[in-house]
Amino acid sequence: MTQTSPVTIATFIVYIIGVFILAGFSHRLLKKSSFMGEYFLGSRGLGSWALAFTFAATSASGGSFTGYPSLIYSYGWVLAFWIASYMIVPVCTMGVMGKRLNQVARKTGAITIPDVFRDRFESTSLGLWTTCAIIFFTTCNLVAQFKAGALIIEETFNLPDAWGYIGGLLIFAVTVVFYTAYGGFRAVVWTDVMQGIIMGVGVAILVPVVVIHAGGLREVNEKIRAQPPTLVTSQKGSFNDLAIEAVGDHQPAGVRYFHPGTTQEEVTIEWNTDPEASTREFVDIYLAAEDADSSTTSSANDVKAALESNASLQEVIEVKFAFDNEKFTSTPGKTISLGAPGAISLEPGAKPKTYVFVRGDEAIFGPGRKADGTPFHPFGMCLSFFVMWAIVGMGQPGTMVRLMAFKESRTLKRAILTVTVYFGMIYLPLVFIFVAARTLLPHIPQEDADKSMVLVATRVVADLGVGYQILAAIFIAAPFAAVMSTVDSFLLMISSSLVRDVYQRTINPDVKEKLVKLASYTTTVLVGALVTVVAMKPPDFLQYIIVFTSAGFAATFLFPMMLGLYWKGMTRQGAIASSMGGFLIMLACFVPNMLGGSRVDSFGVRPLVFALLSSLVLGIVVSKLSGPPPGHLVRKYFYKEKATKRS
Amino acid sequence: MDPQIESELEEDPIFRNSLREARVILSAWVLCFLYTVSYCYLNGYLVHEPNPAATGPAVAHLLGPLQSFDRDPDSLTYPLGIGIPDWIFYGVVLPWMICIGFSFWYGLVLFKEDELGSSPQESTEADE
């Protein structure tokens, strides 16, 4: 089993207690001011540091500290290009709409994003529609975030494989739901500040420790380049992955696992041994099966033995156990080899599982290569992801609502500068850390790559000595803090949507504050419980789910909001068309993919670009056709009385 | 809007200032986008899309066959000797540093510290 030291666990628990204490202080403030404004928006009183860190921590989601490191580990330096848009994210996401959105929200007393839409366009239907969209995307995202939190708890507390994930999920859910429900927005912001500092400190310390431990970046790059072409099988199931290195002059293209389609008692191997062959052949591995209609039964150990006993492959490949198959005992640094006894199960009639050899150079240059041989970051992705982080970041309701909560313009300015420096300290250094981790923790299968941040902390840093174990706790707390800070703000967003937008503003405007309180607490807890149940069957690759929901948010919210703030000609009909159009086109592009087909792409550009463009065009065209907008709305939001008139 | 009413009103300065600042920021984003994507794609990729349609006809028309940009791994250098591959250093790290400078210019020079007003609820509380 993985062993995290007691010191690390104790430090981690102290951190969790700190979060609860902050929630307690925040709860006391709820009694001193208007409940709704304080619980969901902190009474519009955020200062520079609070705004900066709550913004940064909410942006730096579980994806930043689990999905992103796992991708760096898998594909190398190309991730610096993938994340490059963050160079201008803070000024884009906070500067383009921040001041204006804050002003418009103040004019009407809006507390939530649907509030802003409802008041700006005097449209209840737009308010309700945006509420539904928030609930849909936020719930999808929360499932992925809960998975990330559960994985961190499972690894940190050495929970047994049999129930570790569920146990971790329950601990995470109870912690985050309790402090969010009890403390409200202010607790979320305060914990964001604490978590933001922890994330920054964690990365700042992790960079020199890991990079120096690996021998320096230059040395790391040379080691990676010198690695033989390698593949790590990534099969579903435990202890059934192998790391295979191509060590001979005549290199195969990769390996393929086949169902034999008939009764077969042992693993058999087929490979074209002709070194003069014009194309590199795959090593085809036919697994054992009881008959044509049953799943294969071979273990990875069987495959390893078959490959090693094949005379034609002995000088060609070297088979090792993947990282997960060699775990640390209670004595740090001492390993026991568990081998790979897990079954490789292929269903009858299933397509062969293909894995290609990836050269070390492919982690230094673009486009990176996936285990199945397809490029990781082709041209269309280059375009899409640069749009993704900066432009899509502007359209996230979770960040927009923070722009409604700051005290004055100066607060926003200082926060932008703080976040600019902060992101520079986080995102590039993470690339350095996890490129270096490739040489320290080789052969992590892609299925387990989501754990790479925690593995670096528990296996690399803590093993350096007792003094480093407290640091390890900080490193583990960093991704955990990132996940918590996203989850808490999303939980609050859903409950505010239901309580404020649906109940108070649509069903019962005269509701008493006591009932609002009860409804807010209850809704937050119920949403948390629902997401926990869904997350018990976790999805794979967090980052992709987070990307989908972020893109969906932007397609639905960005242009209706931006045009509403900056274009006098925007009408209610235009806003509805822009929001619904973006949402539906986003879904339409993804539905074929969800049904098992290919995603709708053109030139490799992701659906979000089409959805965003459609949202923009629909907003303008429908507004032109349905305009002009009511004069009193234009006057209210775009004009003020002349100074001479007032005097 | 009625010209009579319009003569009594002026454009909201927060709207005007915010719009000006937003335009500058979005222009900066476009510059970053064009530079970083083109620099990294043309200088840091071992293999480029063989099919011109994959990058769009315009790119193929401007640059010709992209395979001529395929990077030779042995040409790798490390600017300043800090171990960051050259294409990442010039394509990402350097513009990132410039963007930090831009953000400070935006904050300290371009940004207007406008008075944001108060919400109806705050006004009510102040009156009470």
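1. You'll find Leu80(B) in the loop between helix H3 (57-63) and helix H4 (86-110) of chain B. Its phi is positive, about 65 degrees, although Leu80(B) is not a glycine. Helices (H or I, at least four residues) and strands (E, at least two) are DSSP runs, numbered from the N terminus.

2. A word on ground rules: this is a predicted model, where local features need pLDDT of at least 70, side-chain atom pairs count only at pLDDT 80 or more, and totals for chains, interfaces and linings use all residues. Residues are numbered from 1 along each chain as its sequence is written, chains are lettered from A and ligands numbered from 1 in the order in which they are written, and side-chain values use heavy atoms, with hydrogens and water left out.

3. Chain B as a whole has five helices and one strand, in the sequence pattern α-β-α-α-α-α. It has 128 residues, and 45% of them count as buried.

4. Over in chain A, Glu122(A) also has a positive phi without being a glycine, near 45 degrees. Most residues other than glycine have a negative phi, and most peptide bonds are trans. Glu122(A) sits in the loop between helix H8 (113-120) and helix H9 (124-156) of chain A, and is partly exposed at 47% relative accessibility.

5. For a cis peptide bond, look between Gly366(A) and Pro367(A), where omega is about 0 degrees. Pro367(A) belongs to the loop between E9 and helix H13 (379-394) of chain A.

6. Now the sheet. Chain A has four strands in an open sheet, ordered E4-E5-E3-E9, with mixed pairing; two strands pair if DSSP finds at least two bridges between them. Strand E4 (268-270) and strand E9 (353-356) are the edges, each pairing on one side only. From one strand to the next, the twist averages 20 degrees. E4(A) runs antiparallel to strand E5 (residues 282-286) over three bridges, and Thr268(A) has Tyr286(A) as its bridge partner in E5(A). Helix H12 (residues 300-309) of chain A packs on this sheet, touching strand E3 (254-258), E4 and E5, and its direction makes about 130 degrees with that of E5(A). Angles run from 0 to 180 degrees between N-to-C directions, with axes fitted to C-alpha atoms (for helices, over the stretch in contact).

7. Which residues of helix H22 (residues 631-638) of chain A are buried? Leu633(A), Val634(A), Tyr637(A) and Phe638(A) are. They cover an arc of only 100 degrees around the axis, so they lie on the same side of H22(A); the arc is that of the directions from the helix axis to the C-beta atoms.

8. Val176(A), in helix H10 (residues 164-213) of chain A, is buried, with 0% relative accessible area. Leaving aside residues up to four places away in sequence, Val176(A) touches Phe146(A), Met484(A), Val487(A), Asp488(A) and Leu491(A); contact means heavy atoms within 4.5 Å. The C-alpha atoms of Val176(A) and Ile16(A) are separated by 9.5 Å, although these residues are 160 apart along the chain.

Methods
Buried < 20%, exposed > 50% of the residue type's maximum accessible area, 1.4 Å probe, protein only.
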